[in-house]
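Hello,

Here is the structure for your files. My notes on its packing follow below.

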Amino acid sequence: MKKAERVALYGSGKEYWRRLWADMIRDRWLILLLIPGLIYFIVFKYLPMWGIIISFENYVPYLGPFKSEWVGLKWFNYFFSNKAWTRYLTNTLILSLMNIVFFFPAPIILALLLNEMRNQKYKKLVQTFLYVPHFISIVIVVSITLVMFSSTGIVYKLVEQLTGHPVKFMTDPNLFRPMIIGQTIWKETGWGTIIFLAALTNVDTQLYEAAMVDGAGRLRRLWHITLPAIKSTIVLMLILRMGSVLDTGYDHLILMANSLNRKASQTLDVFVYQQGLQQAQYSYASAIGLMKSVVSVTLVVSANKVSHLLGEQGLY
């Protein structure tokens, strides 16, 4: 809230504090409900931030973060001196771009299709089946993929019979990213429709009725009424997506990776996991994670600024 708006609402000086306290007393139960969430973020999100100091140290667990040797920007320089860092960054950006191009629109399209269904019982049944994959562990998803697409799987055999030659889904580096995106779309698209379906409930039905009177078909109503109504939600979700451009999820990639597709599976998240947990180079892994966080914040702020320039409300 801007200062002028705050003064207009609460006044200034003692009057401001008196009205603010009165509002807090009035909304005391809502504030009480807010406390567990605040505690969660403070304990698990904000307090651990002090740990970023090990990015500038030669961290030794026995000595702790306050007695370990201070090395400044050593680990950042060490990362950029590694010739392989461009491969990690390239793989990360390609996978993230594919996520934005193919996965991000999928929940929107599915929500629009569900919104056109008139039979409510059938619609709820379809939604239930679409939500189920979200609750399946990624380990199970990868296991199903291995059973179906490995050299003895039904999909592998079917493609081999149709094309006349085998397609190595699990070992071909060129197919690694499409497999990852396909799994993500199958697992998360249904769950992602929740936000957009909620936004669609706010669309005034009188607009549809007026458009139908004017002779507008479904596509016309979709283009001129439905999409503009949820445009702000789409922009907001896209801005939030910018914050995870460099986050590809190490668990999913590690489960799908092998020695033959390593050229495509080596991303920044996988590299952080390998350096931090497998090789116990905590400072090195923390430095890379800090760089990712700085880039993510920069992208979110930049995307929010662009949305303001385009006339959208944005994130803040």
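Contact here means heavy atoms within 4.5 Å. The model is predicted: local features need pLDDT of at least 70, side-chain atom pairs count only at pLDDT 80 or more, and totals for chains, interfaces and linings use all residues. Numbering starts from 1 along each chain as its sequence is written, and side-chain values use heavy atoms, without hydrogens and water.

Start with L268. Leaving aside neighbours within four places in sequence, L268 is in contact with F79, Y88, L89, T92, L246, I288 and K292.

L268 also belongs to the largest nonpolar core, which has 19 residues. Such a core is a set of buried Ala, Val, Leu, Ile, Met, Phe, Trp, Tyr and Cys residues joined through side-chain atoms within 4.5 Å. Buried means under 20% relative accessible area (1.4 Å probe, protein chains only). F79, L268, F271, Y284 and I288 have the most contacts inside this core. Helices α4 (74-81), α12 (218-242), α15 (268-278) and α16 (282-309) each supply at least two of its residues. The top contributor is α16, with seven. Helices are DSSP runs (H or I, at least four residues), numbered from the N terminus.

Now a helix pair. The axes of α10 (residues 173-200) and α12 come within 9 Å and cross at roughly 140°. Axes are lines fitted to C-alpha atoms over the stretch in contact, with angles from 0 to 180 degrees between N-to-C directions. I195, F196, A199 and L200 of α10 meet T226, I230, T233, I234 and M237 of α12.

Best wishes

Notes. Buried < 20%, exposed > 50% of the residue type's maximum accessible area, 1.4 Å probe, protein only.
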